[in-house]
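User: Hi! I've just opened this structure and I'd like to go through it step by step. Can you help me read it?

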Amino acid sequence: MSTQPQTPAASAYQQLRGHLHYLRLEAAAEALPAALDHAKAHQFGHTALLEHLLGIEVTATQTRRQQSRLRFAAFPAPWRLEDFDFDAQPSVDRALVQELATLRFIDEHANVLLIGPPGVGKTHLALALGHLAVDAGYRVCYVTAADLVARCHRAAIEGRWATTMRSLATPRLLIIDELGYLPLQAEGAASLFQVIAQRYLKGSIALTTNRGVASWGQIFDDPMVAAAMLDRLLHRSTVLQIDGESYRMRAHRARVEALRKGVTPTNPRSAANRGSGLRLALKPQVDGLRPGKNPDSA
Ligand SMILES: Nc1ncnc2c1ncn2[C@@H]1O[C@H](COP(=O)(O)OP(=O)(O)OP(=O)(O)O)[C@@H](O)[C@H]1O
Ligand SMILES: [Mg+2]
């Protein structure tokens, strides 16, 4: 049985597909037949066809990288700024949050401290900034303070200290959540200090804590370590201090109220909007603050 000789056009097509695969432009390779048909139907020139084909590859690469950054960030929840109910927190300075949302603080290697009691939205806002940063192409990493300390402890035992420190130093934004709920022993405090010190003026930290800065001495055994940490964190930082009732409690009350009235529970936001009695104080940009001078919510 004899094989038909290939026409020059067919062999050029096969070669082009081969080149695209070889260069790992898989999305473009896959889209090639449809792109050629499209170009023919719309009488595209060579430039327009190439732009169309490479545009497909660029979009696919951007999506893949965004997904990879999102996996790396290890966010515990998909909370975004659009989901944050500012009306439930009437004294939040939206303009300041919107300013943070421009992510200029990341370019300036500045920090964000979110301070307040349980359930007021500290993690929500930190994750919202994290999601924006991932979308904008920054490498972000989320970790709780307790996990960070445990990770460093394991790394020291297993001889992976340098690698672990590098992995905590390189993301452009490191979110450290829930500092203060668990006391930190000297070793844990030392690990956290190292992470903060090596990121100082090089990468941003968004830190959430239930402790006002004046009571940080109680989180750590050593008040000097606490002071040194705060010194680095607060130099070039925005402090969001949130006081008020837990949003979780609002949601809970909304459900109970709905059940009592015999109606299906609605979005807790609508319930939260009714008479909040919430006080939320937002501190403006703090620059060059020293621990002793800082306002304390605790
Ligand atoms: N203003 C808000 N608008 C919408 N949802 C909110 C708001 N504040 C809090 N929430 C929601 O309430 C829940 C608790 O918020 P979050 O976890 O951010 O609180 P937190 O201050 O970090 O509390 P904790 O100190 O206990 O960790 C989350 O589901 C969050 O999405
Ligand atoms: Mg939280």
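Predicted model: local features only at pLDDT ≥ 70, side-chain atom pairs only at ≥ 80, totals over all residues.

User: Which residues are the closest to ligand 1?

Analyst: Using that cut-off of 6 Å, we get a shell of 19 residues around ligand 1. The closest of them are D85, P118, G121, T123 and Y247.

User: Which element gives the largest share of the shell around ligand 1?

Analyst: Two elements give two or more residues to this shell, namely α6 (122-135) and α11 (247-261). The largest share is 3 residues, and the helix they come from is α6.

User: Are the axes of α7 and α9 roughly parallel or roughly perpendicular?

Analyst: Helix α7 covers residues 145-157 and helix α9 covers residues 186-199; their axes come within 9 Å and cross at roughly 95°. Angles of 65 to 115 degrees fall in one class, so α7 sits relative to α9 as roughly perpendicular.

User: In the contact of α7 with α9, how many residues are nonpolar?

Analyst: On the α7 side we have A145, L148, V149, C152 and H153, and they meet E187, G188, S191, L192 and V195 of α9. Sorting the residues of this contact gives 1 charged, 3 polar and, for the nonpolar group, 6.

User: Is I115 buried or exposed?

Analyst: You'll find I115 in strand β1, which runs over residues 111-115. A residue needs 20 or more other C-beta atoms within 10 Å to pass as buried. I115 has 27 such neighbours inside 10 Å, so it counts as buried.

User: How far apart in space are I115 and V213?

Analyst: In sequence, I115 and V213 are 98 residues apart. Going from C-alpha to C-alpha in space, though, the distance is 8.4 Å.

User: How many helices and strands does the protein have?

Analyst: Let's finish with the whole chain. The protein has 298 residues, of which 30% are buried. Its secondary structure comes to 12 helices and 6 strands.

Technical notes
Residues numbered from 1 in each chain as written. Chains lettered and ligands numbered in written order. Axes fitted to C-alpha atoms, helices over the stretch in contact; angles between N-to-C directions. Helix = DSSP H or I, 4+ residues; strand = E, 2+ residues; numbered from the N terminus. Parallel < 35°, antiparallel > 145°, perpendicular 65-115°, else oblique. Contact = placed C-beta atoms within 7 Å. Nonpolar A, V, L, I, M, F, W, Y, C, P; charged D, E, K, R; others polar. Buried ≥ 20, exposed ≤ 12 C-beta atoms within 10 Å, placed from the backbone.
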